[in-house]
Amino acid sequence: MATRLFFCTIGDASTSEGVFWETVNAAGVLQAPLAISVWDDGYGISVPKKYQTTKENISQVLGGFAGENGLDIYVGKAWDYPGLCKLYTESVAAMRQTHRPALLHIQEVTQQLGHSTSGDHRRYKSPERLAFEEEFDCNKRMADWMVASGIATEQEIAAVKAEAKKTATDAAQRAFRHYHDAVAAQRQMLNIALQAVCAAHPEVSALAELAADLEKCATRCALNY
Ligand SMILES: Cc1ncc(C[n+]2csc(CCOP(=O)(O)OP(=O)(O)O)c2C)c(N)n1
Ligand SMILES: [Mg+2]
């Protein structure tokens, strides 16, 4: 019986890459107790899975690997927290008995903003999909479950959210200030050098224009700070 299991995770679109298939195949051949979770949000960055995954369904196309001497395939919904607890408890228990690898295809993962904070998923998701993500927001659903099962109160959830927001906002401001302070220091050095050159060559009007531009830029940055 396997005493140790191994867990790895990957996004749905990343399953298109060769290393995923090599891993799935090797885990099956070696009967390595590897639990592979695929977080399926239906997109690879902004590209929908109809351009990424055959049949738009990774667990379905992996069907040929299923069963004895292969791997066990489980499907769950990302927003269904109690369902996931059950799925993982059962699949892990089975893995300890069979020593078979498992693929856990977790569907309907929702995103807060898109692939990263530098993008905006409103650019590429339909209004219907955005409405679905609002309603089935995994964090919201988990909070609802915590309240319903008495793990936390609405107030406690609100406090956690407020604290998380403050932590993120403070960190963003610190990073912004750090960046701007570094730019301002460089600008000041440039200004000192430029003033010296202007004083040495008052006849070159382009230098004075450059100094004026730099001044304007500094004022604009200070206003935006
Ligand atoms: C080996 C490798 N190939 C390509 C990329 C470029 N890349 C970054 S994210 C991404 C798509 C990821 O999609 P998915 O796995 O579904 O994650 P999601 O964007 O949904 O979080 C790709 C192709 C990379 N980072 N590494
Ligand atoms: Mg994805």
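The legends below describe close-up views of a predicted model. Local features need pLDDT of at least 70 and side-chain atom pairs count only at pLDDT 80 or more, while totals for chains, interfaces and linings use all residues. Residues are numbered from 1 along each chain as its sequence is written, and chains are lettered from A and ligands numbered from 1 in the order in which they are written.

**View 1. The open sheet.** The sheet has 4 strands in the order β1-β2-β6-β5, with parallel pairing. β1 and β5 (72-77) stand at the edges with a single partner strand each, so one side of each has no neighbour in the sheet. From one strand to the next the twist averages 20°, an angle between N-to-C directions of axes fitted to C-alpha atoms, on a scale from 0 to 180 degrees. Strands (E, at least two residues) and helices (H or I, at least four) are DSSP runs, numbered from the N terminus. Two strands pair if DSSP finds at least two bridges between them.

**View 2. Strands β1 and β2.** β1 (residues 6-11) and β2 (residues 34-39) run parallel and are joined by 6 bridges. Between β1 and β2 the chain passes through helix α1 (residues 18-30), in a right-handed β-α-β crossover. Right-handed is said of a path from the first strand over the helix to the second that runs clockwise when the strands point away from the viewer. T9 stands opposite S37 in β2.

**View 3. Strand β6 and its partners.** β2 and β6 (residues 102-107) are parallel, with 5 bridges between them. S37 has L104 of β6 as its bridge partner, and V38 stands opposite H105 in β6. β5 also runs parallel to β6, through 6 bridges. Here K77 is partnered by Q107 in β6. Together with helix α3 (residues 81-98), β5 and β6 make a right-handed β-α-β unit.

**View 4. The shell around ligand 1.** The residues around ligand 1 are G11, D12, A13, S14, E17, D41, Y43, G44, I45 and H115. Each has its C-beta atom, placed from the backbone, within 6 Å of the ligand. By class, 3 are nonpolar, 4 polar and 3 charged; Ala, Val, Leu, Ile, Met, Phe, Trp, Tyr, Cys and Pro count as nonpolar, Asp, Glu, Lys and Arg as charged, and the others, Gly among them, as polar.

**View 5. Helix α6.** α6 (residues 154-200) has 47 residues and reaches 68 Å from its first C-alpha to its last, close to the expected 69 Å. The expected span is 1.5 Å times one less than the number of residues. The number of buried residues in α6 is 0, so the helix lies largely in the open. A buried residue has 20 or more other C-beta atoms within 10 Å of its own, with C-beta atoms placed from the backbone.

Note on methods:
A residue is buried if 20 or more other C-beta atoms lie within 10 Å of its own, exposed if 12 or fewer, and partly exposed in between; C-beta atoms are placed from the backbone.
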